[in-house]
Amino acid sequence: MTHLTTPLLVCIIVTVGYRALAVAAYGQQPPKRPHIVLITADDMGWNDVGFHGSNQIATPHIDALAYDGVILNRHYSAPMCTPSRAALMTGRHPINVGMQHYVIDSDEPWGLGLDQRIMPQYFRAAGYRTHMIGKWHLGFFTEHYIPTNRGFDTHIGYLGPYVDYWSYVSKMNSGTFEGYDMRQNQFVNYAANGTYATDYFTSAARDIIAQHGKSGQPMLLVMNHLAPHAGNDDDPLQAPQETIDRFAYIGNSDRRTYAAMMSKLDDSVGAVYESLRANGMLDNSIIVFLSDNGGVTRGMHSNTGSNYPFRGQKHSPWEGAVRTAALIWSPLLKDTQRVSNQWFHISDWLPTLASAAGIALGNSSFSDIDGIDQWEALAYGTGNPRQRLMNNLDEIFGYTSYMENGFKYINGTTLNGVNDAWYGETDPLDQLPDDEQYLSSVMATRIARAGRLDEKLISYLRRHATVNCGNSIATKPCNPLVKPCLFDIINDPCEMHDISDEYPKRLRGIRNRLELYRLRAAKPRNRPHDPEADPSKFGGVWNWWRTDPTKAASLQDEADDSAMPPPSHSLAKDTQLFVIIPIVVVGIIFVTGTLLYLSNKNIIKLCRRTKKQDSATMPSEIPTDASSPDGKAAADAAFSSKIYVISDRDMDSSSKQDQCSV
């Protein structure tokens with residue numbers, strides 16, 4: 001034993017001594033963990049930033065970051081706010097955490113499961129100070145769910161889906177409830193009232209960055225802007241008048257205000273960059289900017305956002321909902337000033353940023369991460385680690401949006417297809433700024449000067465980041481309510497030509513894989529509106545109104561069964577009749593034959609036997625980890641114990657046996 005130990009000890013001493021000499025000789029220090037700033041725009045359209053080719057809205061700071069960093073031209077998300085934010089925080093697909101169906105209204109008693117470990121918890125355990133500014137929207141019906149109880153050291157912002165830009169009052173469409181929604185950690189923040197939301201959040205970010213500049217601690221700052229999401233329905237689009245006046249060349253008054261909202265957002269991004277520079281943090285920072293989903297050109301909460309030339313908008317399975325504007329900027333990236341066409345999903349940000357910070361996710365009991373670590377591919381331009389993207393599978397609305405090896409599969413859609421067209425083309429009568437004016441605005445930023453950008457490089461990158469579908473007309477249109485659609489999304493990014501009939505084998509393969517996704521999916525966590533959430537009971541403030549998630553779940557189970565909407569059919573009504581009528585006829589014949597064959601005594605025995613089998617095969621609770629922080633998993637298990645029976649109308653006939661058993 002002594003003979004083995006001595007050489008090993010000598011080796012360790014030599015290695016440590018060599019490293020000490022190297023540090024002394026070259027002044028090297030262990031690498032510092034990078035500061036990470038993650039900025040999320042809310043309901044921003046693909047075409048609402050300049051680096052995608054439009055001159056209508058000036059976003060020079062965002063564009064300069066994009067040109068000096070990496071433009072993620074194939075960044076995908078879920079099609080709505082709550083599912084996409086759940087994926088961002090957990091690194092998991094919304095279907096695997098029960099967050100796939102719709103969004104959380106402020107008077108609904110549900111949220112992202114307490115058994116899910118989220119981004120700030122990983123970073124705080126690694127020594128980071130963690131901060132959140134702006135929108136939460138992952139549940140607050142009990143205090144357990146608010147950001148400062150989920151890993152954030154601080155939170156300055158609102159808990160629900162949206163607020164008024166000046167008064168921070170939020171009015172729910174689902175009823176008559178309205179209340180003030182602005183927090184400083186767990187306390188109500190009345191000081192913000194009267195200050196434009198984008199400016200208030202920017203000021204908060206400056207203060208946090210300044211504190212870290214003095215402390216030297218690594219910082220995770222998640223900045224979820226309200227902009228450019230619509231406010232309350234009675235006054236949805238809001239911006240300072242002097243900013244609106246700068247866009248007088250836009251004829252549509254709503255779009256003009258939206259442009260001003262985007263301009264204020266762009267100013268905020270520039271201010272955050274400048275604050276990092278002024279506090280000596282910029283050289284060791286990573287800045288990510290993205291939209292949570294596509295813009296809303298029409299319908300509920302419309303903000304006139306443009307996803308042109310893509311098809312669809314928010315709350316649909318099309319590219320206009322799920323392909324979002326995104327960029328990453330950092331001095332730590334080695335291959336920059338480029339357009340990346342690697343497939344990137346919003347769930348990839350947790351493992352990617354953790355990798356950049358040297359944080360291991362795999363040693364945790366919460367290591368079931370769907371996202372892929374793409375840091376090396378981003379930093380060095382080394383390839384395309386991801387080939388499949390699960391945008392969403394919602395069995396209640398009855399639609400699937402999925403991509404694999406450049407093919408996109410869509411089956412079913414939302415709202416009977418009202419969001420399935422192409423929207424947001426610029427009004428040809430508007431006299432927009434020309435390319436020279438655009439280039440001048442970008443070149444005037446400190447970001448462009450520091451990155452030594454020139455007009456030739458900007459024009460080159462912008463051209464390659466612009467998607468142009470030409471004036472082609474759909475020659476093979478597809479209605480996903482009638483049958484599944486398949487698109488060559490690389491060569492047909494605007495989803496005009498259905499190729500499902502040309503590739504039946506590939507279509508079958510995708511459908512088989514989707515069945516595996518469906519079988520492992522968690523049930524939706526949605527709960528119906530609760531009158532006890534009424535802000536008038538809390539002094540006119542949106543507040544958590546329950547104390548015990550376990551008790552809340554047991555009280556709600558019976559109400560949930562009647563309140564949850566039934567699954568939507570992916571087939572057209574005419575098609576449904578052709579399927580349902582033969583099934584009904586066969587069922588009647590089978591039942592009649594059975595009754596004739598069996599005696600009364602046998603029928604009684606059969607019923608008793610069936611009853612026993614039913615009780616033995618009841619679905620069990622969704623497994624949760626009882627070792628989660630603060631023992632919250634036990635409470636969340638009770639919350640999740642009522643299983644919604646939701647069958648999939650989309651799948652192959654090979655899965656019909658499973659559907660019948662459900």
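**Stops along the loops**

Start by selecting Pro-309, which sits in the loop between strand S11 (285–291) and helix H8 (319–322). Helices (H or I, at least four residues) and strands (E, at least two) are DSSP runs here, numbered from the N terminus. Before going further, keep in mind that this is a predicted model, where local features need pLDDT of at least 70, side-chain atom pairs count only at pLDDT 80 or more, and totals for chains, interfaces and linings use all residues. Residues are numbered from 1 along each chain as its sequence is written, and side-chain values use heavy atoms, with hydrogens and water left out.

His-315 isn't a glycine, yet its phi is positive, about 65°. Is His-315 buried or exposed? His-315 counts as buried because its relative accessibility is 8%; buried means under 20% relative accessible area, exposed over 50%, and partly exposed in between (1.4 Å probe, protein chains only).

Next, jump back to Pro-228, in the loop between strand S10 (219–224) and helix H6 (241–244). Select Ala-227 as well, and you'll have a cis peptide bond joining Ala-227 and Pro-228, with omega about -5°.

Last stop: Asn-405, in the loop between strand S17 (399–404) and strand S18 (407–411). Check the backbone torsions of Asn-405, a residue other than glycine, and you'll find a positive phi near 50°. With a relative accessible area of 43%, Asn-405 is partly exposed.
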